[in-house]
Amino acid sequence: MSLNHVRPWRDIYRRKSRQIMVGNVPVGGDAPIAVQTMTNTLTTDVAATVAQVQAAAEAGADIVRVSVPDEASSKALKEIVRESPLPIVADIHFHYRRGIEAAEAGAACLRINPGNIGDEARVKEVIKAARDHNCSIRIGVNAGSLEKHLLEKYGEPCPEAMVESGLEHIRILQDNDFHEFKISVKASDVFLSAAAYQGIAEATDAPIHLGITEAGGLVSGTIKSAIGLGNLLWMGIGDTIRVSLSADPVEEVKVGFEILKSLGLRHRGVNIISCPSCARQGFDVIKTVETLEHRLEHIKTPMSLSIIGCVVNGPGEALMTDVGFTGGGAGSGMVYLAGKASHKMSNEQMIDHIVEQVEKKAAELEAAAEAAE
Ligand code: SF4
């Protein structure tokens with residue numbers, strides 16, 4: 001449950017799941033919902049891949065997945081793991097041997113696809129490698145690569161087929177006394193994904209990795225993911241998320257955090273509340289917000305900032321934010337601190353001034369948090 005129970009209409013009751021570890025990151029139980037992304041460099045290009053992992057870490061990612069399509073990638077993975085600030089999940093398809101090599105290379109988790117990993121004997125070997133090297137496993141069911149016998153049984157990818165695929169692989173892991181696993185049942189169709197996730201959430205207490213696969217470009221994929229993942233998270237389903245975008249992994253991390261922030265499930269950095277602007281605006285709201293988003297990227301402390309064009313909504317929004325600015329006409333506006341009108345500021349100096357105020361507030365909040373520890 002979130003900390004919002006003074007306002008019960010904001011409560012989200014998270015499904016109770018077991019907790020596993022992906023490296024040093026707990027997933028499931030009462031752990032914060034972890035944000036993941038995936039590199040899109042050649043894994044054999046260690047420098048480029050590590051740079052992407054570092055950029056994702058800087059943006060707030062908790063876990064990063066790296067594809068391991070061939071033996072050379074397994075070798076590169078070892079170096080990537082050594083230099084990565086985050087636990088690395090190795091993405092395995094088709095070749096169970098890549099799973100074994102990735103475990104040996106130090107991957108924190110192996111993502112295996114039940115639709116293409118091969119028969120039970122092969123999965124057993126992957127389980128053994130995972131156990132020997134302290135790896136967790138993600139059973140990554142995907143509507144686009146379901147097992148042949150399930151497609152024959154159900155006629156097409158459907159929620160029941162996806163759940164059955166996931167449960168079959170859970171059984172294999174459990175039969176081998178392996179319990180450090182999470183599961184995903186992704187589809188590019190929001191309805192199919194949501195139904196499959198609800199089915200699997202009822203059928204197991206394993207932690208759930210949420211994602212809408214192949215969601216699309218930055219804008220369309222963000223919307224699709226926000227609807228699909230947003231609904232599931234709101235229902236309390238999901239212990240770790242990955243937003244799949246045809247875009248820079250850093251964008252995936254940002255979108256993932258924004259989805260979680262919108263639901264009050266994670267907090268990070270400055271949450272800017274801004275109006276769309278209209279003829280009443282006392283300053284250029286859109287340009288100002290764009291500039292502030294960029295200039296405040298370095299702030300990690302959760303806090304809120306309202307940037308509102310005029311007094312219609314400005315004072316009301318400022319009441320609920322740490323720092324606020326409301327346009328007032330005549331080339332200046334009102335700065336609000338901790339919900340109260342504080343002082344006037346000219347539009348020209350306002351951006352530098354707001355950045356200063358936010359940095360000051362962040363430093364105060366960090367000092368208070370340190371003192372409380
Ligand atoms: S707050 Fe004011 S400037 Fe912003 S959209 Fe509303 S009326 Fe327009």
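Tutor: Let's take the open sheet whose five strands run in the order 11-12-13-14-15, with mixed pairing. Here strands (E, at least two residues) and helices (H or I, at least four) are DSSP runs numbered from the N terminus, and two strands pair if DSSP finds at least two bridges between them. Its edges are strand 11 (270-274) and strand 15 (340-346), each pairing on one side only. On average, neighbouring strands in this sheet are turned by 20° against each other, ignoring direction; the axes behind such angles are lines fitted to C-alpha atoms, for helices over the stretch in contact, and angles run from 0 to 180 degrees between N-to-C directions.

Some ground rules before going on. This is a predicted model, where local features need pLDDT of at least 70 and side-chain atom pairs count only at pLDDT 80 or more, while totals for chains, interfaces and linings use all residues. Residues are numbered from 1 along each chain as its sequence is written, and side-chain values use heavy atoms, with hydrogens and water left out.

Lying across strand 11 and strand 12 is helix 10 (residues 285-295), which runs at about 155° to strand 12; contact, by the way, means heavy atoms within 4.5 Å.

Step across to strand 13 (residues 323-327). Strand 12 pairs with strand 13 in the parallel sense too, this time over four bridges, and Ser 306 has Gly 324 of strand 13 as its bridge partner. Strand 13 is mostly covered, with five of its five residues buried; buried means under 20% relative accessible area, exposed over 50% and partly exposed in between (1.4 Å probe, protein chains only). The cover is on both faces: Val 323, Phe 325 and Gly 327 are buried on one side, Gly 324 and Thr 326 on the other.

The next pairing runs the other way. Strand 13 and strand 14 (residues 332-337) are antiparallel over five bridges, and Val 323 has Leu 337 of strand 14 as its bridge partner. Four residues sit between the strands of this hairpin, and there Gly 329 takes a positive phi near 85°.

Around it are Cys 275, Ser 277, Cys 278, Arg 280, Gln 281, Ile 308, Gly 309, Cys 310 and Val 312, where a residue is near a molecule if one of its heavy atoms lies within 4 Å of it. That shell splits into five nonpolar, three polar and one charged residues. For this count Ala, Val, Leu, Ile, Met, Phe, Trp, Tyr, Cys and Pro are nonpolar, Asp, Glu, Lys and Arg are charged, and the others, Gly among them, are polar.

Now set that sheet beside another one. Eight strands make an open sheet in the order 8-7-6-5-4-3-10-9, with parallel pairing. Strand 8 (181-186) and strand 9 (209-210) stand at its edges with a single partner strand each, so one side of each has no neighbour in the sheet. Strand 7 (residues 136-142) and strand 8 pair in the parallel sense over six bridges, with Ile 137 opposite Phe 181 of strand 8. Helix 6 (residues 159-175) packs on this sheet, touching strand 7 and strand 8, and its direction makes about 155° with that of strand 7. Helix 2 (residues 71-83) lies across strand 4 (63-67) and strand 5 (88-92), at about 170° to strand 5.

Helix 2 also leads us to helix 3. The buried residues of helix 3 pack against helix 2, strand 5, strand 6 (109-112) and helix 4 (120-132). Seven of the nine residues in helix 3 are buried, which means the rest of the structure largely encloses this helix. One of the buried ones is Glu 101, in helix 3 (residues 96-104), at 13% relative accessibility. Its side chain makes a 2.9 Å polar contact with that of Arg 98, another buried residue of helix 3; a polar contact is a pair of N or O atoms within 3.5 Å, and within protein one must be able to donate a hydrogen and the other to accept it, with residues adjacent in sequence counting only if both atoms are side-chain atoms. Setting aside neighbours within four places in sequence, Glu 101 is in contact with Glu 71 and Ser 74. After helix 3 comes Gly 106, with a positive phi near 100°.
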